Amino acid sequence: MDVGLLILRLVVGLLIAGHGVQKVSFRLGGDGWAGGTEEFRRDGFRGGRLTALAAGAAQIGSGLFLAAGLLTPLAAMAAMGVMTVAATVKWAKGLWAQNDGYDYPLVLVAVAAVLALTGPGRWSADHVLGLTPWPLWVCVAALVLGPVSGLLTRVVMHRPPAPEGTPRYAQAAD
């Protein structure tokens, strides 16, 4: 079981971190911070640069912490939050990836939830530091607060569409 959890943590954690790197740099096929900013604006978020930086940092941090098995419930909570936001962006396109749907973010939310509940296993920083097992209330709080924080972020950061005919520079000002 510990080997399985290690493999799961490494694959999922590093993929989540990689997505964050893409949001803020040209590495791993990213479009740089300006590209990440434009992506968030296209997806209907206000804040642009700050939003791209916050999302990228959350993905990088939560992904690396999940991969290491460090503060696992908190890392899982952050991963669930950012991936819930990603799922809301893709919601209108349906479930499946071939239509740019939300299946991939949903899988990452589910895996992070599983890691919050099962713990990271013996081959983890949490185990080395004596932090396992985490109290059940911490795991349940992570399961609730992760997706809820993602949904709240989407509501608070949503930018209503600009009226027809609004110049592009006026739309990007926020």
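This is a predicted model: local features need pLDDT of at least 70, side-chain atom pairs count only at pLDDT 80 or more; totals for chains, interfaces and linings use all residues.
Residues are numbered from 1 along each chain as its sequence is written, and side-chain values rest on heavy atoms, with hydrogens and water left out.

Asp-100 is placed in the loop between helix 4 and helix 5, where helices are DSSP runs (H or I, at least four residues) numbered from the N terminus. Although Asp-100 is not a glycine, its phi is positive, at about 60 degrees. Most residues other than glycine have a negative phi, and most peptide bonds are trans. A positive phi of about 55 degrees is also found at Leu-28, again not a glycine, which is placed in the loop between helix 1 and helix 2 and counts as exposed at 58% relative accessibility. Just after helix 2, Gly-44 takes a positive phi of about 90 degrees. The peptide bond from Thr-132 to Pro-133 is cis, with omega near -5 degrees, and Pro-133 belongs to the loop between helix 6 (125-128) and helix 7.

Open space was examined next. Rolling a probe the size of a water molecule over the atoms shows where empty space is left. A pocket is here an open set of points, on a 1 Å grid over the protein atoms alone, where a 1.4 Å probe fits and protein lies on both sides within 12 Å along at least five of seven lines, and its lining residues have an atom within 4 Å of a point. The largest pocket has a volume of about 720 Å³, the volume being the space filled by probe spheres set on the points, which are joined across faces, edges and corners. Its lining comprises 37 residues, of which Lys-23, Glu-39, Phe-40, Gln-59 and Ala-86 are the closest to the centre. At least two lining residues are supplied by each of helix 1 (2-24), helix 2 (32-42), helix 3 (49-68), helix 4 (72-90), helix 5 (103-118) and helix 7 (136-157), and the largest share, nine residues, comes from helix 4. By class, the lining of the largest pocket has 16 nonpolar, 13 polar and eight charged residues, with Ala, Val, Leu, Ile, Met, Phe, Trp, Tyr, Cys and Pro taken as nonpolar, Asp, Glu, Lys and Arg as charged, and the others, Gly among them, as polar.

In helix 2, the residues Gly-32, Gly-36, Thr-37, Phe-40 and Arg-41 are buried, and what covers the buried residues of this helix includes helix 1 and helix 3. His-19, found in helix 1, is partly exposed at 25% relative accessibility; with residues up to four places away in sequence not counted, His-19 touches Gln-59 and Tyr-104, contact being defined as heavy atoms within 4.5 Å. In helix 3, Phe-65 is partly exposed, with a relative accessible area of 34%, and beyond its neighbours within four places in sequence Phe-65 is in contact with Leu-70, Leu-71 and Ala-75.

Aromatic pairs were assigned to rings of Phe, Tyr and Trp (its six-membered ring) whose centres lie within 6.5 Å, with planes under 30 degrees apart counted as stacked, over 60 as edge-to-face and the rest as tilted. By this rule the count comes to two aromatic pairs. The ring centres of Phe-40 and Phe-45 are 5.3 Å apart and their planes stand at 75 degrees, so the pair is edge-to-face; Phe-40 is buried at a relative accessible area of 7%, and Phe-45 is buried at 1%. Trp-91 and Tyr-102 form a stacked pair, at 4.5 Å centre to centre and with 20 degrees between the planes. Trp-91 counts as exposed at 55% relative accessibility, whereas Tyr-102, at 15%, counts as buried.

A charge was taken to sit over a ring if NZ of Lys or CZ of Arg is within 6 Å of the ring centre and within 35 degrees of the ring normal. The charged end of Arg-154 sits over the ring of Phe-45, 4.6 Å from its centre, and Arg-49 lies over the face of Trp-33, at 4.5 Å from the ring centre.

Definitions and conventions
Buried means under 20% relative accessible area, exposed over 50%, partly exposed in between (1.4 Å probe, protein chains only).
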